[in-house]
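Thanks for coming. I have one model to go through this morning, so please look at the sequence and the structure on the screen.

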2 protein chains.
Amino acid sequence: MKDVILGIDIGGTNTKYGFLDRDGISLAHGEISTTSGDTVHDFLRDFYQEVHAKFRKIEDEARLIGIGVGAPNGNFYTGTIENAPNLKWHGSVPLAELLQTYFKVPVYLTNDANAAAIGEMIYGGAKNMKNFVVVTLGTGLGSGIVVNGDLVYGDDGNAGELGHTLTNVKGTGRVCGCGRRGCLETYVSATGIKRTIYKLLADSIDYSELRGVSFNDLTAEMVTQAAKRGDKIAIDAFEYTGKVLGVKLADTVAHLSPEAIFLFGGLVRAEEFLFDPVRYHLEKNLLPIFKGKVKVLPSGLGLNNTAVMGAAALAWKELER
Amino acid sequence: MKDVILGIDIGGTNTKYGFLDRDGISLAHGEISTTSGDTVHDFLRDFYQEVHAKFRKIEDEARLIGIGVGAPNGNFYTGTIENAPNLKWHGSVPLAELLQTYFKVPVYLTNDANAAAIGEMIYGGAKNMKNFVVVTLGTGLGSGIVVNGDLVYGDDGNAGELGHTLTNVKGTGRVCGCGRRGCLETYVSATGIKRTIYKLLADSIDYSELRGVSFNDLTAEMVTQAAKRGDKIAIDAFEYTGKVLGVKLADTVAHLSPEAIFLFGGLVRAEEFLFDPVRYHLEKNLLPIFKGKVKVLPSGLGLNNTAVMGAAALAWKELER
């Protein structure tokens, strides 16, 4: 009989889950539509039915001791999801409390990027680190910050919004969904690199296989594949993306002096096209006392099921306090 | 008989010290030249002689239980002063170890800004806060960051260098003593506001009482006094200084979501000329979830002897762990 945590990754379209032991081994896992039903209550009814049935298959060998949830706009302090733009559930959703009434075990909830950081600490490349930062590159740019071995939630649970640091102090730059201009994630994210591709296609007359693709059809994966085939515009877009990220991460290092910065998410598949410029421009822009000290690494969690692992890791970490 | 800490503030010219109890009451204090003798050993011999004599006057009522030191480039982890440009002692100076051989009590050392942050937590305006930032405005801009009730030292002891965050990602802006361009402290510090005055005097044709003052003679205090007399250039310089600081502090909030940001140092005497623009531009540049939450406050330590109080607070905090 071993203790397991139910890790849940709430996404805009699908919700993934898995029963994980302390070593990150999944005893059972699955996926369910997040958009079934109109309310969070409809969703939870379906979710409980499916997950409970799955658990009965492993209940002879596993004891459920807690639940960890990674969710967009998830707040650790309140256990709520706050006005998540990509979810059907509006306003403030007390998801931790609702899950607890179904499963009768402690529930811990945070946002996706914080969960990724804890996953890195419990299961990934940061097992022996006390000070590090995880940057998640998806549709936007999220981040989780660990200081002295603990996640930084800040006064209100909302710390770690590096995607909304500003690339200049003049209030200029690309318009962001948050209503401001020049936020880091308008340059550095799957959406950001698409915007950069379009800027480069406008400014240059170079050939590019991406000239035939509409903005709506373009994906970060297509940019990665084009770069691997030697497409100059795609390579330049990674160089620019890496430069902006590297320079802004120098600010993060000036705040926190982390041992490492982990990059996480689809764009990481571009490997050297992204990592080389990030490392070069970070190093170039560091204050001398920090030079040569900060590692920029791909997530040690791999690319599969990482969000579920992060969510489970959150609960392991809290239950072991 | 009460326990006291010897707080020491090492400055480029003078070193101040005081024997402080847990409430911050000074039982005895004094000052000695930092530049007496050529080496740190010469200095420490003189320092010990003076301080020991002072202690003998209070030894019937006080028991020395520890020493806290705030020093430029002081590193908490190693107890050393590392290549401080304003001190005569070169290289890496193991000051904590040397003081311990003289005084035979535990010695804790950190840089000035970190000491100010701990002073704020133990004696000042942050007594009940777990997450806050202190920004010290002197010749440069220093900072101390507190997360979850502990100072952030980072992996190498050098965290909290907000003065060297960058005002833009293009590598342009004012030349900084660190060798880069556009560092925050080239705009926001006593030196930074002097540079801004000269920029404004060059750009405009407005009357200003500061047109008769050379760069070398100009002080931040003169700018403050001119602003109080209604000098437009001086007021505009504070507005610009506050704007740059406010916008960059929005990045700090995005990292850490602190409850408050304390401003500390001589420029704070300018009161509303500095605080109003800082608050306005910080608020304007915050991500919506942070708006209306972060207080910008003057240090609660007052303006006298604060560095010695911060140094003593460091030792109180460590001894109470």
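By what turn and what shift along the axis can chain B be laid on chain A? Bear in mind that this is a predicted model. The turn is 180°, the shift along the axis is 0.0 Å, and the RMSD is 0.1 Å. The two copies are thus related as by a two-fold rotation axis. As for the contact residues of chain B, 100% of them recur in chain A, so the same surface serves both copies. If you want a residue to look at by the axis, take B:Asn168: its C-alpha lies 2.1 Å from the axis, the closest approach of any residue in chain B.

Next, the sheet in chain B. This is an open sheet of 5 strands with mixed pairing, and the order is 3-2-1-4-8. Strand 3, residues 26-33, and strand 8, residues 107-110, form the edges, each pairing on one side only. From one strand to the next, the twist averages 20°. Within chain B, strand 1 (residues 2-10) and strand 2 (residues 14-20) run antiparallel and are joined by 6 bridges. On that strand 2, B:Lys16 stands opposite B:Asp9.

Last, one residue from a helix. B:Ile193 sits in helix 4 of chain B, which covers residues 190-203. Is this residue, B:Ile193, buried or exposed? B:Ile193 is buried, at a relative accessible area of 0%. Beyond four places in sequence, its contacts include B:Tyr187, B:Val223, B:Phe238 and B:Leu267. B:Ala220 is also one of the contacts of B:Ile193; the two are 27 residues apart in sequence, and their C-alpha atoms are 6.9 Å apart in space.

Conventions:
Residues are numbered from 1 along each chain as its sequence is written. Chains are lettered from A and ligands numbered from 1 in the order in which they are written. This is a predicted model: local features need pLDDT of at least 70, side-chain atom pairs count only at pLDDT 80 or more; totals for chains, interfaces and linings use all residues. Side-chain values use heavy atoms; hydrogens and water are left out. Two strands pair if DSSP finds at least two bridges between them. Helices (H or I, at least four residues) and strands (E, at least two) are DSSP runs, numbered from the N terminus. Axes are lines fitted to C-alpha atoms, for helices over the stretch in contact, and angles run from 0 to 180 degrees between N-to-C directions. Copies are superposed by least squares on the C-alpha atoms of residues with pLDDT of at least 70 in both. Contact means heavy atoms within 4.5 Å. Buried means under 20% relative accessible area, exposed over 50%, partly exposed in between (1.4 Å probe, protein chains only).
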